[in-house]
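Okay, thanks for making time, everyone. I'd like to walk you through one model today, so let me put it up on the screen.

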Amino acid sequence: MKLYLYGIIDSSDQITDSIYGLEGSGVYNIPFRDMGAVVSQISQPIKDVTEGAVLKHEAVVEELMANFTVLPVRFGTIIDGRDSLLSVMQSYYKDFKDNLARLHNKFEFGIKVIWPADKVKANIIKVLKKDEQKVQGSDNSLSRRFIKEKFEEYKIDKEFEAKADRFIKVMDIFFSRFAAEKKLEKLKTENLLLDAVYLVEKDKQNDFREAFEYIKSGSPGLKYLFSGPWPAYNFVILSQKSGLLTDSEQTVLFDNVTQCQALVGAGSI
């Protein structure tokens, strides 16, 4: 029987709560030294990513979060039996130990900021045209016009990115005051100004939410999406290489479970 893996926890004790995972199987802890791997038995591979299965995975992880520090494993991670799982635990023990210590009493929050890219660019073009009228040249040849158009496109793009940087810098000053770690992505699309995740200590959650509400209330032209608390999907660092897992398996073992966030509206725009 194969084992479906939900996460690594900072305890070798058995789970006393009745938790049921995929296929309705009971969830239990396989201890290894001072930590454990939380699993349930599964009879067949997961061929399709369904809403019910993804939400069940996330529900198990969230129940574990109530009592343990959890390194949440990517949805769909199946291990070929207890011996294989213990081999993985042995190989990655130091990584798991370091992450459990670093992420103790911390949760992940996601923030997406959408801005009206068309309006932002229109305002930039308007300002540039005013400046251009002040320095009109006499040479209006075809080559001159082509160079001028390309240079104008370049200036628009540079100012667009600079304006994005300014917005993000101001917002991040507020959020970073209450975050232990962060990951920011700027302009994944023209309209998605910021896609960020922050790692926040448990006792600073309310402060972080208040900072978000303050920023949100002061920027009526922007749209904000806030999600969390999540398990720290984006902040698990798996550094050790081992022959037990292929490179692709190592990459996805603690990959962000975007399906979970998307299904509850956190990953969509």
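Before I go on, a word on what you're looking at. This is a predicted model, so local features need a pLDDT of at least 70 and side-chain atom pairs count only at pLDDT 80 or more, while totals for chains, interfaces and linings use all residues. Residues are numbered from 1 along each chain as its sequence is written, and side-chain values use heavy atoms, with hydrogens and water left out.

So how confident is the predictor? On pLDDT, its confidence in each residue from 0 to 100, the protein chain averages 83, and 81% of the residues score at least 70. When I say helix or strand, I mean DSSP runs, numbered from the N terminus: H or I of at least four residues for helices, E of at least two for strands. Please be careful with residues 242–252, where pLDDT stays under 50. The model has 17 contacts there beyond four places in sequence, a contact being heavy atoms within 4.5 Å. Residues 255–269 are also below 50, and that stretch has 35 contacts beyond near neighbours in sequence.

Now the inside. A nonpolar core here is a set of buried Ala, Val, Leu, Ile, Met, Phe, Trp, Tyr and Cys residues joined through side-chain atoms within 4.5 Å. The largest one has 46 residues, and those with the most contacts inside it include Leu-64, Trp-115, Phe-175 and Phe-208. Among the elements giving two or more residues to this core are α1 (51–65), β6 (106–114), α5 (142–176) and α6 (205–217). There's a second, separate core of 24 residues, which includes Val-39, Ile-79, Tyr-92 and Val-197.

Who does Phe-175 touch? Leaving aside neighbours within four places in sequence, Phe-175 is in contact with Ile-111, Tyr-198, Phe-208, Ala-211, Phe-212 and Ile-215.

Let's stay with β6 for a minute. Nine of its nine residues are buried, so β6 is largely enclosed by the rest of the structure. In a regular strand the side chains alternate between the two faces of the sheet. In β6 both faces are covered: Phe-107, Phe-109, Ile-111 and Val-113 are buried on one side, and Lys-106, Glu-108, Gly-110, Lys-112 and Ile-114 on the other.

And its partners? Strands pair if DSSP finds at least two bridges between them. β6 runs antiparallel to β8, with nine bridges joining them, and Gly-110 has Val-197 of β8 as its bridge partner. With β9 (residues 223–230), β6 pairs over six bridges, again antiparallel; there, Ile-111 is bridged to Phe-226.

On to the rings. The structure holds 16 aromatic pairs, meaning rings of Phe, Tyr and Trp (its six-membered ring) with centres within 6.5 Å; planes under 30 degrees apart are stacked, over 60 edge-to-face, and the rest tilted. Phe-109 and Phe-226 have ring centres 5.6 Å apart and planes at 40°, so that pair is tilted. Phe-109 is in β6 and Phe-226 in β9, 117 residues apart. Phe-109 counts as buried at 0% relative accessibility, whereas Phe-226 is partly exposed at 25%. Another tilted pair is Trp-115 with Phe-160, at 5.1 Å centre to centre and 45° between the planes. Trp-115 lies in the loop between β6 and α4 and Phe-160 in α5, so this pair ties together parts 45 residues apart in sequence.

Two charges sit over rings, by the rule that NZ of Lys or CZ of Arg is within 6 Å of the ring centre and within 35 degrees of the normal. Arg-33 sits over Tyr-93, 4.0 Å from the ring centre, and Lys-183 over Phe-235, at 5.6 Å.

Most residues other than glycine have a negative phi, and most peptide bonds are trans. Asn-105, back from my opening question, has a positive phi of about 60° and lies in the loop between α3 (93–102) and β6. Leu-187 has a positive phi too, near 50°, but Leu-187 is buried, with a relative accessible area of 18%. And the peptide bond from Gly-228 to Pro-229 is cis, with omega near 5°; Pro-229 lies in β9.

Terms used: Buried means under 20% relative accessible area, exposed over 50%, partly exposed in between (1.4 Å probe, protein chains only). pLDDT is the predictor's confidence in each residue, from 0 to 100.
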